[in-house]
Amino acid sequence: NTLSARYGYNRSGNENSGIGGFSLDSRAYSSSSTEHSFSLTETAVINKSVISETRFQYLSRSSKNFGGDSTSPTIQVFDAFTSGGNGVGASSSETQRFEISNSTSWTIGNHSLKAGARLRYISIKDVSRSNFAGTYSFTSLGQYRDALLGVAGVTPVQFTLTAGESTAKVNQIDFSPFIQDDWKILPNLTLNLGLRYEAQTNVAN
């Protein structure tokens, strides 16, 4: 029996995203991304003609945007500046995956057989609050100035707002057993046979 394990960790982040060019400092926000991965493999030599391998894998990945002012509306003045809130909001994405599989190989005469199965689970959760505070758009700096001064009839050329449910989540399980046979009929002729079945939730079989 041979047992091997592996673990990986990765983290990255950015500060002061979303600024530069016409975008002012008030729109700055931070972002981060984290990933954990773990795998465990066990190989068993049962006898001189049978080998079995079992594998388990886990992956967790998350990313999020945070910080800055996400409650104030964004003010966009074409060819001048963009200020106000960052418009991104507290957005995030999380993914988790679990997988366990086994494959067993053995020989019988001229037949080399292999059979096994895989069970996998995945969970995805996304949160997006982009533009939930709204965006006011002005065609020019003069129009924006007149709107601030309260000049009659002067309004933003456009106002956009995103609303509704900000969170989406989906889970899925899939299962796939298989069996295959490499049948050496003649020294120069091998017939490859196989059967595989796949099923998953969320989609009909």
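Which residues make a nonpolar surface patch of about 490 Å²? The patch is made by W183, I185, L186, L189, L191 and L193.

## Basis of the model

This is a predicted model, in which local features need pLDDT of at least 70, side-chain atom pairs count only at pLDDT 80 or more, and totals for chains, interfaces and linings use all residues. Residues are numbered from 1 along each chain as its sequence is written, and side-chain values use heavy atoms, with hydrogens and water left out.

## The nonpolar patch

Strand 10 (167-186) and strand 11 (189-196) are the elements that give two or more residues to the nonpolar patch. Strands are DSSP runs of E, at least two residues long, numbered from the N terminus. Patch residues have over 30% relative accessible area and no salt bridge, and nonpolar side chains (Val, Leu, Ile, Met, Phe, Trp, Tyr) are joined within 5 Å. A salt bridge is a side-chain nitrogen of Lys or Arg within 4 Å of a carboxyl oxygen of Asp or Glu. Areas come from the Shrake-Rupley method with a 1.4 Å probe, and for residues only the protein chains shown count as cover.

W183 lies in strand 10. Its relative accessible area is 33%, so W183 is partly exposed (between buried, under 20%, and exposed, over 50%).

## F66 in strand 3

F66 is in strand 3 (residues 50-66) and is partly exposed, at 36% relative accessible area. Leaving aside neighbours within four places in sequence, F66 is in contact (heavy atoms within 4.5 Å) with Y29, S30, S31 and S32. The C-alpha atoms of F66 and S32 are separated by 8.5 Å, and the two residues are 34 residues apart along the chain.

## S101 in strand 6

S101 is in strand 6 (residues 92-108). S101 counts as buried because its relative accessibility is 18%. Not counting residues up to four places away in sequence, S101 touches E53, T54, R55, A117 and R118.

Terms used
Patches are made of residues with over 30% relative accessible area and no salt bridge: like charges are joined within 9 Å, nonpolar side chains (Val, Leu, Ile, Met, Phe, Trp, Tyr) within 5 Å. Helices (H or I, at least four residues) and strands (E, at least two) are DSSP runs, numbered from the N terminus. Buried means under 20% relative accessible area, exposed over 50%, partly exposed in between (1.4 Å probe, protein chains only).
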